[in-house]
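Welcome, and thanks for joining this tour. Please open your viewer and get ready to select residues as we go.

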Amino acid sequence: RAILCHIYHHAIHDNWYEARDLMLMSHLQDSIHHSDPSTQILYNRTMVQLGLCGFRHAAIKDAHNALLDIQLGGRSKELLAQGLLPQRQHERSSEQEKIEKSRQMPFHMHINLEMLECVYLVSAMLIEIPYLSAHEYDARRRMISKSYYQQLRSSERQALVGPPESMREHVVAASKAMRNGD
């Protein structure tokens, strides 16, 4: 937990190289799955701050990789202990829900989830669009970011596209402009 707090501190204060090197040297990503839930939450929050710090330092691939696990399942709110997602068919018992609510971060410690998603989508755009351009006619091209790819495809299926209003629509519009070389 101490090394995670140290990495978090470096990431918050824009010491990208120190934070990244500490994370890589600690090998925490190998053993975090066997830790207690509060340490896993701290690890997730540290990875998010590391990703945001990497983005601020233009380490786009590193930022994307750091944010990938948090954004992948659509459970970022729960993984960062900023709220509980509603469960289907009451999968949680009342005592389990009490335990999970006690782990929640206070509001003043929340990380802006919309900014997190925006950084993730922009970093995915900056990686994916050049890759798509380079492999335009390749039948076996791979998808780098599934959620970004879904956003792009859903916007292409829309019959009427107005000016962008939400953050996601702005990222999609920027992607289309980038793809056209605009």
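One definition before we set off: a residue is called buried when its relative accessible area is under 20%, exposed when it is over 50%, and partly exposed in between. Keep in mind, too, that you are looking at a predicted model.

**Stop 1: the whole chain**

Begin with the cartoon view. The chain has 10 helices and zero strands, so from the N terminus on you can follow the elements as α-α-α-α-α-α-α-α-α-α. The C-alpha trace spans about 50 × 45 × 35 Å along its principal axes. Of the 182 residues in the chain, 35% are buried.

**Stop 2: helix 9**

Select residues 146-157, which make up helix 9.

Next, show the side chains of Tyr148, Leu152 and Ser155, the buried residues of helix 9. On which side of helix 9 do they sit? Their arc around the axis is only 65°, which puts them on the same side of helix 9.

**Stop 3: a salt bridge across the chain**

Select aspartate 14 and arginine 56. Their side chains meet in a salt bridge, with 2.7 Å from N to O. Where in the chain do the two partners lie? Aspartate 14 is in the loop between helix 1 (2-12) and helix 2 (16-26), while arginine 56 belongs to helix 4 (residues 37-56). The two are 42 residues apart, and the pair links distant parts of the chain. Aspartate 14 is partly exposed, with a relative accessible area of 32%, and arginine 56 is also partly exposed, at 43%.

Stay on aspartate 14 for a moment and look at its backbone. Its phi is positive, about 65°, although aspartate 14 is not a glycine.

**Stop 4: the other salt bridge**

The count for this model is two salt bridges, so one remains to be visited. Select arginine 20 and aspartate 21: their closest N and O atoms are 3.2 Å apart. Aspartate 21 counts as partly exposed at 32% relative accessibility, and arginine 20 counts as partly exposed at 25%.

**Stop 5: alanine 58**

Move to the loop between helix 4 and helix 5, where alanine 58 has its place. Here is another backbone detail: phi of alanine 58 is near 65°, a positive value in a residue other than glycine. Is alanine 58 buried or exposed? At 58% relative accessibility, alanine 58 counts as exposed.

**Stop 6: glutamine 71**

Select helix 5 (residues 60-72) and pick out glutamine 71 within it. Glutamine 71 is buried, with a relative accessible area of 12%. Which residues is glutamine 71 in contact with, leaving aside its neighbours within four places in sequence? Show Ser76, Leu116, Glu117 and Tyr120, and you have them on screen.

**Stop 7: the cysteines**

A disulfide is a covalent bond between the sulfur atoms of two cysteines. How many disulfides does the count come to here? The count comes to zero. Select cysteine 53 to see this for yourself: the nearest cysteine sulfur, that of cysteine 5, is 16 Å away, whereas a disulfide needs the two sulfur atoms within 2.5 Å. Cysteine 53 is buried, with a relative accessible area of 0%.

Finish with cysteine 118, which is in no disulfide either. The nearest cysteine sulfur to that of cysteine 118 is the one of cysteine 53, 17 Å away. At 25% relative accessibility, cysteine 118 counts as partly exposed.

Technical notes. Residues are numbered from 1 along each chain as its sequence is written. This is a predicted model: local features need pLDDT of at least 70, side-chain atom pairs count only at pLDDT 80 or more; totals for chains, interfaces and linings use all residues. Side-chain values use heavy atoms; hydrogens and water are left out. Buried means under 20% relative accessible area, exposed over 50%, partly exposed in between (1.4 Å probe, protein chains only). A salt bridge is a side-chain nitrogen of Lys or Arg within 4 Å of a carboxyl oxygen of Asp or Glu. Helices (H or I, at least four residues) and strands (E, at least two) are DSSP runs, numbered from the N terminus. Contact means heavy atoms within 4.5 Å. The expected span of a helix is 1.5 Å times one less than its number of residues. The arc is that of the directions from the helix axis to the C-beta atoms.
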